[in-house]
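The exercises below are to be worked with the sequence and the coordinates at hand. Each task is followed by a solution in steps.

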Amino acid sequence: MRKIKEFVIEKSLLSSALITIAVTFGIISVLAVEAFQFFSEVSIVDFLTDSQWTPLFTDKHYGILPLLSGTLLTSFIAISVALPVGLSISIYLSEYAPKSFRKTIKPLLELLASIPTVVYGFFALIVVTPFLQQIIPDLSGFNSLSAGIVMGIMIIPFISSLSEDALHAVPKAMREASYGMGATKLQTAFKVVVPAASSGIIVSIILAISRAIGETMIVAIAAGQQPRLTFDPTVPVETITAYIVQVSLGDVQHGSIEYRTIFAAGITLFVFTFLLNTLSFYIRKKYRQKYE
Amino acid sequence: MAKEIKVTMEKAIEKNINISSAIAEDENHAARIDAKDIKVWYEDFMAIKGITMKIKPNTVTAFIGPSGCGKSTFLRLFNRMNDYVDGFKMEGKIKLQGNNIYGKKVLVEELRKEIGMVFQKPNPFPKSIFENVAYGLKIQGIKDKKFINARVEKALKQADLWDEVKDNLKKSALALSGGQQQRLCIARTLAVEPSIILMDEPTSALDPISTAKIEDLIFELKEKYTIIIVTHNMQQASRISDYTAFFYLGELIEYDKTKTIFTKPSKKQTENYITGRFG
């Protein structure tokens, strides 16, 4: 009787794991099939080189570059905000802050990641953009700057929290060795602890970039819906994710070429995040310091 | 006598050499370290219950005693490593060459350049062999490459590691064996040229051959440095030290020449411990 119970439990656990994998593969294959049909109509060279993305207009162009530049621009701005802030926080928490302070502040920071992104999007549109317009009068109502900045705030905890974990995992003996040589706290933090935790820090940055690239709501609300090949942060752009939202919510016919563009855009996005996640996995595995 | 000291000191200043070593040569300052009525608490736990002891220069002094007797805590007072422990509190005075090292004006970083430390487990930085040894110099802001190279070579030679690593100075220190790593840590400490070296069970994680090498090394270093070593190994204490201090439950039970401690200790507790009846 007990054996049967064990058997049933084991198999049900296994099946839940298998279902997850099956669903993932299902999603990827739908993406691949639809994208394949798209590329049977649009040449992949045009897709990668055309500088216009106008599938919803009469003069149709299918160049992913404008969407890609929008995505990369907003992500770049986000990382420029999140990296210095997130790293400073993590170094402070790990090396300077008293234990009790660290224990309270860390969950509070992680709260930043739990705010619904639609709230962030509105925050960018209604608060940050008007504020920035006082400094940069030419700033459009929709722009990648404020969307990027707010997205950067959102991903701060990704960097601060994961980097802090990596810094904290550096053995105490390493710090003692440094202090014992007459190093100050600052020297110890930057010359010993940060380099020793570098793989973990890099992984945290990559995951944050990956999150920024996949982020949808903030850019859809605040960055605009104009595919445009530009790196000017003050004008409206459209990211891959924002385009997918736009078309999904619109009334394009299923099975049409317009409909399939979202799968082509989707698979581009997927390739990017997949590569980044693989890279972070590889770095974590290869460069993880073994302290024993 | 006093005049002579003054003259020596002035000469020392003129020649820009280490004043402290000039003073130390005088008999009145024979004690390198002078600890008085030391009491230490961790939160409510009293780890050291009033210890007074002097450490002579250019000697090896061994601290022995069962686990938790306070010998490591006491050792770590000398370079103020306990400052980072939560709930650490201390009473008493420790003088290094006549200066209270817990004084308000003391720069902990400067003190630690004078008093180096080697730890229980080899703890090289995840950097190259060269960078490990050069670390102490670089954090002092020294940029002269020739000077650093010379110091690194000298320190590695002193630590008896040079011949093994001279062709691979750029190799990661983590690739070395445990014994080599510990000698690297000693070289790293020597590169800053401290006058005192504290060793906290430096061979407890090493095999017998590596241990023997480190012991030989300590013997050689004695000529130039004052060494204080915490050890659990009774044979080690008797082999390498000139003086031995026996600690028990936060108190200094007996402190004498090593020979005396191991042949005719005056306290019953010491005898019981060194003969292996407890601890």
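**Exercise 1: exposure of a helix residue**

Ser88(A) has 12 C-beta neighbours inside 10 Å and therefore counts as exposed. The model is a predicted one.

Task: State in which helix Ser88(A) lies, and how far its C-alpha atom is from that of Glu41(A).

Solution. 
1. The helix that holds Ser88(A) is H3 of chain A, residues 65–96.
2. Along the chain, Ser88(A) and Glu41(A) are 47 residues apart, and 49 Å separate their C-alpha atoms.

**Exercise 2: a helix pair in chain B**

Task: Describe how H5(B) and H8(B) pack, giving the angle and the distance between their axes, the handedness of the crossing and the residues that meet.

Solution. 
1. Two packed helices are described by the angle between their axes and the distance between the axes.
2. For H5(B) and H8(B), the latter covering residues 178–191, the angle is about 30° and the axes are 7 Å apart.
3. Angles under 35 degrees count as roughly parallel. H5(B) and H8(B) are therefore roughly parallel to each other.
4. Their crossing is right-handed.
5. From H5(B), the residues in contact are Ile129(B), Asn132(B), Val133(B), Ala134(B), Tyr135(B), Gly136(B) and Leu137(B). H8(B) contributes Leu184(B), Ala187(B), Arg188(B) and Ala191(B).
6. By type, the residues of this contact between H5(B) and H8(B) are eight nonpolar, two polar and one charged.

**Exercise 3: the sheet of chain B**

Task: Give the strand order of the four-stranded open sheet in chain B and state which strands stand at its edges.

Solution. 
1. The order is S2-S1-S4-S5, and the pairing is antiparallel.
2. S2 (45–55) and S5 (99–100) of chain B are the edge strands; each has a single partner strand, so one side of each lacks a neighbour in the sheet.
3. Within the sheet, S1(B), residues 33–42, and S4(B), residues 88–96, run antiparallel and are joined by eight bridges.
4. Lys36(B) has Lys93(B) in S4(B) as its bridge partner.

**Exercise 4: the contact between the chains**

Task: How many residues does each chain give to the contact, and which element gives the largest share on the side of chain B?

Solution. 
1. Chain B gives 18 residues and chain A gives 16 residues.
2. On the side of chain B, two or more residues come from each of H4 (108–114), S6 (115–118) and H5 (129–139).
3. H4(B) supplies the largest share, four residues.
4. Sorted by type, this side of chain B has eight nonpolar, four polar and six charged residues.

Conventions
Residues are numbered from 1 along each chain as its sequence is written. Chains are lettered from A and ligands numbered from 1 in the order in which they are written. This is a predicted model: local features need pLDDT of at least 70, side-chain atom pairs count only at pLDDT 80 or more; totals for chains, interfaces and linings use all residues. Two residues are in contact if their C-beta atoms, placed from the backbone, lie within 7 Å. Ala, Val, Leu, Ile, Met, Phe, Trp, Tyr, Cys and Pro count as nonpolar, Asp, Glu, Lys and Arg as charged, and the others, Gly among them, as polar. A residue is buried if 20 or more other C-beta atoms lie within 10 Å of its own, exposed if 12 or fewer, and partly exposed in between; C-beta atoms are placed from the backbone. Axes are lines fitted to C-alpha atoms, for helices over the stretch in contact, and angles run from 0 to 180 degrees between N-to-C directions. Angles under 35 degrees count as roughly parallel, over 145 as roughly antiparallel, 65 to 115 as roughly perpendicular and the rest as oblique. A crossing is left-handed if the near helix is turned anticlockwise from the far one by less than a right angle, and right-handed if clockwise. Two strands pair if DSSP finds at least two bridges between them.
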